[in-house]
Structure formats: C-alpha cells, structure tokens
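Hello,

I am passing on the structure below, together with some notes on the spaces found inside it. Please read the notes with the structure open beside them.

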Amino acid sequence: MATQAQCLSYAGCNFLRQRLVLSTLSGRPVKIRKIRARDDNPGLRDFEASFIRLLDKITNGSRIEINQTGTTLYYQPGLLSGGFVEHDCSVLRSIGYYLESLLCLAPFMKHPLKVVLRGVTNDQVDPSVDVLKATALPLLKQFGIDGESFELKIIRRGMPPGGGGEVMFSCPVRKVLKPVQLTDPGKIKRIRGCRYSVRVSPQMANRIVDSARSLLNKFIPDIYIYTDHMKGVNSGKSPGFGLSLVAETTNGTFLSAELASNPQGQGTAVLPEDLGRNCARLLLEEIYRGGCVDSTNQSLALLLMTLGQQDVSKVLLGPLSPYTIEFLRHLKSFFQIMFKIETKPCGEELKGGDKVLMTCVGTGFSNLSKTLK
C-alpha cells in the first residue's frame with residue numbers, strides 16, 4: 001500500500017480532474033486542501049462531487065475522505081475495475097467534463113468499460129460529445145486502442161440548463177500502448193460538421209450551415225455538414241442549437257471547433273447566422289494553430305505518450321494551452337517524467353502559428369489488472 005510519505009498535497013480547486021485522474025493511474029494518494037476556502041459558498045461544487053462518485057464507481061477499493069465543509073479532499077486510489085456503469089452527471093457541466101477523464105482511464109481497466117452517462121451533451125464550457133467522438137477517438141486509435149467495442153454513441157441530446165441527454169461509451173482494455181511519431185500534420189483535405197437543434201425550428205440548422213459555408217467555401221470545396229434534429233423524448237429538456245466542425249488532414253489529423261447557443265433564460269439570444277460564422281472562424285483559428293493534435297486533446301496525447309512503452313514518442317502540437325502547461329507539471333509530480341520541448345517557428349514547411357515538438361520516453365506503464373487470455 002502507498003505510504004503517507006508518497007501522498008501529494010495541493011491547494012485550491014483548479015485542475016481537480018487532472019490530479020484525481022493521474023492519482024488513479026499512478027496509484028499515488030492525493031490530498032487537496034483549501035477548496036474555495038474563501039468563497040461565500042465554500043467546498044466542492046455539485047459537478048465535482050458527481051465526478052468523484054463516478055471515479056468511485058469505476059474503481060474498486062478507493063478511499064475518499066471529504067471534511068464537513070467540503071474544503072479538504074483525501075483520495076487514495078483503488079484498482080480500475082471497469083465493467084458496466086451508469087451515471088447521472090451534474091447538469092452544471094456537460095458530459096464532456098466527465099468523458100475527457102474516462103478517455104484517459106478506460107484502456108487500463110480490468111474489464112472493458114461500458115458506461116452510460118446522462119446529463120448535458122452540448123454546452124459552452126466543455127468539449128461536446130460530438131467533438132470528442134470526432135477527435136479523441138481517432139487519437140486513441142493511433143496509440144493502438146481499437147476494436148469492435150470501441151465506440152461513443154449519442155442516444156439523446158440535452159442542452160443546458162435542463163439536460164436530459166444520454167451518451168453510451170465503450171472501450172476495450174489494453175496491456176500496453178504503442179509509441180507514436182506524429183510530426184507531420186499534413187494538409188487539410190476536407191471539413192465535416194454536425195449541426196444540431198433540439199426543441200427549436202429545424203430551419204435554424206439550415207441558417208447555421210449557410211453562414212458557416214459562406215466563410216469556409218473560400219478555402220476548400222469538400223465541406224459536408226449533416227443535420228441532427230432530435231424530436232420528442234430524445235431532445236432533452238431545454239431548447240438550443242449549435243454547430244461542431246472538424247477539419248481532417250491528409251495524414252489523419254483532426255482539428256475541431258464548436259459553438260452552442262446560450263442556455264434558455266441566460267444572456268441574449270444568439271442568431272444562427274452569427275453562430276455559424278463565429279464557429280467557422282474558430283475552426284480557421286484552430287487550423288492556424290495547427291499541430292497533429294487539436295488544443296482540446298493536447299493533454300490526452302501527452303498522457304498516452306507518458307504511459308507508452310519505454311520507447312521514444314514524438315508529437316507536434318500547436319501553442320500549448322494553459323491547461324496543458326499545468327498538466328505537464330502534474331505529469332512530472334506523479335510520474336517523474338520530463339518532456340523535451342522544441343519550438344518550431346513557422347517557416348516554409350510549417351504554416352500558421354509557431355509549433356512545439358514534444359518528445360518523451362514512455363514510462364513503460366503496463367495494465368497489470370488485464371487478465372491474460
């Protein structure tokens with residue numbers, strides 16, 4: 001068992017998911033103090049408590065201690081057990097908040113994970129289920145995580161504030177991960193997208209597409225945006241609409257952008273035309289940032305490189321997001337791993353913004369609980 005000496009201590013509520021996920025993978029207990037200690041409403045929020053409950057469901061033997069005010073959390077990880085899990089997520093954050101962490105943990109379970117999550121599928125804060133399906137799943141396949149049971153399916157859509165969405169995610173287990181060499185993003189060959197609308201006129205979706213196309217058609221002809229208009233019980237409890245766009249390159253890199261309408265009763269109403277144009281601009285900005293992994297999945301790629309075999313992995317990224325920079329610090333604390341970071345200024349070969357080449361030797365992480373057949 002891990003001794004108290006190995007326990008890592010942090011203060012504040014920032015990066016709570018990062019710390020708990022890395023603690024679960026590395027087996028090192030973690031203590032987080034002063035969680036919103038000076039706030040009018042101190043302690044863990046509802047969505048954070050829901051995330052901790054989900055961790056408890058997919059592990060076996062985890063020890064979780066929270067003090068009365070909720071400002072101190074002690075977490076001693078158990079074994080990742082997997083199996084079939086159902087979880088009702090907090091409607092304060094979208095399902096993407098929970099799914100991002102499950103993508104990190106799912107390949108290392110004892111039994112293949114099949115999880116049904118209920119709540120908000122698309123909001124303005126977290127990556128939506130559509131974007132994670134289009135970008136994170138192909139990234140996991142690069143590391144050798146693939147199979148018939150590897151899928152992410154939207155059964156119902158739910159918009160904030162009511163939610164009512166439902167998502168099914170299943171992932172096979174892997175003993176070890178493959179090292180990767182993702183250094184050439186390639187050129188953009190096509191753009192795909194999904195426009196969705198629930199409990200509003202289906203005409204909204206057409207207006208979104210026309211405005212997004214008005215910008216993107218100047219650059220590339222191969223654009224296809226399909227419509228997902230859910231009705232009745234599948235449309236959740238609140239009205240809303242949005243758009244997610246994914247650019248695919250010749251080398252199999254996926255870069256994404258998305259926008260959703262304001263929640264019912266919050267802020268001013270968003271015009272579908274403005275939403276379409278702004279989402280197209282966000283995609284062009286993401287393409288300018290470039291790299292072989294989009295900014296949403298930078299930390300996932302770095303984690304899989306860390307957990308790979310004891311071989312060299314290289315990934316070319318766009319400018320690092322603040323979330324990714326903090327993630328690198330946490331990787332050093334939990335796994336004692338350092339990345340070699342080389343800046344690649346944009347020139348003849350690399351168009352767009354300055355890129356960063358991340359290189360590391362994997363820790364040789366092995367899924368010890370995977371039963372050998």
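The notes below cover the pocket and then the cavities.

This is a predicted model, in which local features need pLDDT of at least 70 and side-chain atom pairs count only at pLDDT 80 or more, while totals for chains, interfaces and linings use all residues. Residues are numbered from 1 along each chain as its sequence is written, and side-chain values use heavy atoms, with hydrogens and water left out.

On a 1 Å grid over the protein atoms alone, a pocket is an open set of points with protein on both sides within 12 Å along at least five of seven lines, a cavity is a set where a 1.4 Å probe fits but cannot get out, and lining residues have an atom within 4 Å of a point. Grid points are joined across faces, edges and corners, and a volume is the space filled by probe spheres set on the points.

The largest pocket has a volume of about 830 Å³, and of the 32 residues lining it, Glu100, Val125, Asp126, Pro127 and Thr296 are the closest to its centre. Strand 15 supplies the largest share of this lining, five residues (strands are DSSP runs of E, at least two residues, and helices runs of H or I, at least four, numbered from the N terminus).

The whole structure holds two cavities of 30 Å³ or more. The largest cavity, of about 160 Å³, is lined by 14 residues, and Glu100 is again among those nearest the centre; helix 3 gives the largest share of that lining, four residues. The second largest cavity contains about 90 Å³ of space, and helix 4 (residues 129–142) gives the most to its lining, with four residues.

Best wishes
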